[in-house]
Amino acid sequence: MPDASVQLTVTSPPYDELREYKGYRFPFEDIAQQLYRVTASGGVVVWVVGDRIRGGRSLTSFRQALYFQEIGFSAHDVMIYQKKNTPFMRSNAYTNAYEMMFVLSKGKPATFNPLKVPTARHGMELLTHNKLPDGINKKKLGELKKEKTRTNIWSYAVGLGGTTRDKIAFQHPAVFPEKLAEDHILSWSNPGDLVLDPMCGSGTTGKMALLHGRNFIGIDISPEYIEIARQRLEMHGLKVEVEHD
């Protein structure tokens, strides 16, 4: 792939060998370096990753984030992907219900289209300002907006109907929610930009990128997963070209 050609990468690696990926290995450092090479100035990589928990947390996610920093990426944000209906229970700790979403940028992000949520109330009212050491709240008339930018903790249901309604996607062992991919694509890219998923699995990132007018390149080492992604995208009328190396 050409240098500095990708505006946005949204991907989730096969971390800590928690899933069986047809026996393939995961050369993290090589992939990270190639991501830095192909990311455009101002481009963003969204790295969705968790940790092995059995026997204590592996903290692989943090080691990977630090390595991305070492090779030149900025840690623009550390976001949380909260699973609303996680089935994983622990006997000696609280139920784990999240993964990390590291937002890594090559310089200052060139694009940020903030997603908004409605505020609980809006309109003109007395707002606290300029609180001094005497502890007395001083108020003046101000306006509460009708909406505000979302927090960096994003919650999604998982499983059929939550992750996706495409049953074919679950032929892959680890599928992240379509809405997660969609929200990042809308946030960090514009129509016509190139979106990459170098471990594209069942094609979730590709589906949402193409539906929103972005260009897309998906790569996977497994021909079986490429075929699943191809069938899934074509189910939605999306044009797909497949190249085998």
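## Salt bridges, a helix pair and a surface patch

The crossing of helices α1 and α2 is right-handed. Keep in mind that this is a predicted model. A search of the whole structure turns up eleven salt bridges, and a few of them are picked out below.

**Helix pair**
- Helix α1 (residues 28-38) and helix α2 (residues 60-70) have axes that come within 10 Å and cross at roughly 40°.
- That angle makes α1 oblique to α2.

**A salt bridge across the sequence**
- Aspartate 166 and lysine 207 join their side chains in a salt bridge, with an N to O distance of 2.8 Å.
- Aspartate 166 sits in the loop between β9 (153-156) and α3 (178-188), while lysine 207 belongs to helix α4 (residues 204-211), so the pair ties together parts that are 41 residues apart in sequence.
- Both aspartate 166 and lysine 207 are buried.

**Lysine 179 and its partners**
- Lysine 179 is partly exposed, with a relative accessible area of 41%.
- Its salt bridge with aspartate 183 has the closest N and O atoms 2.6 Å apart, and the two residues are four apart in helix α3, about one helical turn.
- Salt bridges with shared partners link Arg150, Lys179, Glu182 and Asp183 into one network.
- Lysine 179 also forms a salt bridge with glutamate 182, where the closest N and O atoms are 3.9 Å apart.
- Glutamate 182 counts as buried because its relative accessibility is 15%, under the 20% cut-off; aspartate 183, at 2%, counts as buried too.

**Nonpolar surface patch**
- Met1, Ile217 and Ile219 make a nonpolar surface patch of about 220 Å².
- Isoleucine 219 lies in the loop between β11 (215-218) and α5 (223-235) and is partly exposed, at 36% relative accessible area.

Key
Residues are numbered from 1 along each chain as its sequence is written. This is a predicted model: local features need pLDDT of at least 70, side-chain atom pairs count only at pLDDT 80 or more; totals for chains, interfaces and linings use all residues. Side-chain values use heavy atoms; hydrogens and water are left out. Patches are made of residues with over 30% relative accessible area and no salt bridge: like charges are joined within 9 Å, nonpolar side chains (Val, Leu, Ile, Met, Phe, Trp, Tyr) within 5 Å. Accessible areas come from the Shrake-Rupley method with a 1.4 Å probe; for residues, only the protein chains shown count as cover. Buried means under 20% relative accessible area, exposed over 50%, partly exposed in between (1.4 Å probe, protein chains only). Axes are lines fitted to C-alpha atoms, for helices over the stretch in contact, and angles run from 0 to 180 degrees between N-to-C directions. Angles under 35 degrees count as roughly parallel, over 145 as roughly antiparallel, 65 to 115 as roughly perpendicular and the rest as oblique. A crossing is left-handed if the near helix is turned anticlockwise from the far one by less than a right angle, and right-handed if clockwise.
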